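Hi everyone, thanks for coming.

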Amino acid sequence: MSRVPPGGIPRANHLAGETSPYLLQHLHNPVDWYAWGPEALEKARREGKPVFLSIGYSACHWCHVMERESFEDERVAAFLNEHFVAIKVDREERPDLDEIYMSAVQMMTGSGGWPLNVFLTPTLEPFFGGTYFPPEDRDGRIGLLSVLHKVHEVWTSHRAELEASAGKMAEALRAVGAGGAVPAGASRVGRREIASAAADLAARFDPDGGGFGGAPKFPPHGALALLLREHARSGEKVPLRMIERTLDRMALGGMYDQIGGGFARYSTDDRWLVPHFEKMLYDQALLVPVYTDAWLVTRKAL
């Protein structure tokens, strides 16, 4: 059924009455979005449906891409509305929820970002997630329609196993929240693990442009901080060369805002020349100590 009545104004979903500009951008999606709250959570428990939780914010480029590509797609909306309870969250309104479920996706996949899309049990325990999904499979990336069909199939046929897995994930999240306790079977990070991580970074290092891997390139502040630590511990020159090359190329390329200061969120090419025009506070906060520590080691004015 079309969401556009004879008057020409699309029908609103359950986000009507919200004040967040980000949530209101999704007000007329065919996806029957709910805001996070008792109504949606009770619906999931009552109907025994998994929750599809999508977290984003107004300045997020890929959030808007996914909204346009997937959440305006009638096929995606029909399947979501039938088999899931869809909840939209503005991370700027609910940083607490964002922190919890971002940690879960990072544990599951090794990376995170926005839009953050997580599947939860009706008791709100995460069991699968990711970031941007195109509407259909393309360029080696699984599409949202495929993900939805697969999650529904597994939820229907192996719900008990999924809920058990989600329970373990919730346990690990509670352990981290309680003070970073190491889950059973895991080991603490020591010299051997840091040296191994540094060797892995060296294998993926771009000797010409700096950084790791190809385009797009994000400021690798965490990797550089680890390499600085490894250089300080071992005295090896290879980590320092990777650090210098990356920091130099970033500072001299288009990633750095010559007028306003600060670094763009990422470079769309592999040479740090063409920035994605968005600056994130967390990037600046994490790059300041990396550049400062590199200066303490090298005394290079740049």
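**A walk through the model**

Okay, the overview: the secondary structure of this protein comes to eleven helices and five strands. Those are DSSP runs numbered from the N terminus, with helices being H or I runs of at least four residues and strands being E runs of at least two. Please keep in mind that this is a predicted model: local features need pLDDT of at least 70, side-chain atom pairs count only at pLDDT 80 or more, and totals for chains, interfaces and linings use all residues. Residues are numbered from 1 along each chain as its sequence is written, and side-chain values use heavy atoms, with hydrogens and water left out.

The C-alpha atoms fill a box of roughly 65 × 50 × 35 Å, taken along the principal axes. There are 302 residues, and 45% of them count as buried. Buried means under 20% relative accessible area, exposed means over 50%, and partly exposed is in between, using a 1.4 Å probe and protein chains only. Now contacts, which means heavy atoms within 4.5 Å. Among contacts between residues at least 6 apart in sequence, 60% join residues at least 24 apart.

Let's zoom in on helix 2, residues 38-47, where you'll find K43. Is K43 buried or exposed? With a relative accessible area of 16%, K43 is buried. Leaving out residues up to four places away in sequence, K43 touches Y34 and V85. The side chain of K43 also has a polar contact of 3.0 Å with the side chain of E47. By polar contact I mean a pair of N or O atoms within 3.5 Å; within protein, one must be able to donate a hydrogen and the other to accept it, and residues adjacent in sequence count only if both atoms are side-chain atoms. And look at P122: it is 79 residues from K43 along the chain, yet their C-alpha atoms are separated by 8.7 Å.

R45 sits in helix 2 too, and R45 is partly exposed, at 44% relative accessible area.

Next stop, strand 2, residues 51-56, where we find S54. S54 is buried, and its relative accessible area is 0%. So who surrounds S54? Apart from neighbours within four places in sequence, S54 is in contact with W33, F71, I87, K88, V89, L116 and N117. With K88, there's a side chain to side chain polar contact of 2.8 Å.

**Helices against helices**

The axes are lines fitted to C-alpha atoms, for helices over the stretch in contact, and angles run from 0 to 180 degrees between N-to-C directions.

On the helix 8 side, R191, I194, A195, A197, A198 and L201 meet A223, L226, L227, R229, E230 and R233 of helix 9. These contact residues divide into eight nonpolar, no polar and four charged. Here Ala, Val, Leu, Ile, Met, Phe, Trp, Tyr, Cys and Pro count as nonpolar, Asp, Glu, Lys and Arg as charged, and the others, Gly among them, as polar.

Helix 9 also packs with helix 10 (residues 237-252), at an angle of about 145 degrees and with the axes 8 Å apart. L224, L227, L228, E230 and H231 in helix 9 meet P239, L240, M242, I243, T246 and L247 in helix 10. That contact has eight nonpolar residues, two polar and one charged.

Most residues other than glycine have a negative phi, and most peptide bonds are trans. Which bonds are cis here? One is from W114 to P115, with omega near 0 degrees, and P115 is in the loop between helix 5 (95-109) and strand 4 (116-120). Another joins A215 and P216, with omega about -5 degrees; P216 lies in the loop between helix 8 and helix 9.

As for phi, D139 has a positive value near 50 degrees. D139 is in the loop between strand 5 (126-130) and helix 6 (144-157), and counts as exposed at 79% relative accessibility. R299, which comes after helix 11 (281-298), has a positive phi of about 60 degrees. R299 is exposed as well, with a relative accessible area of 52%.
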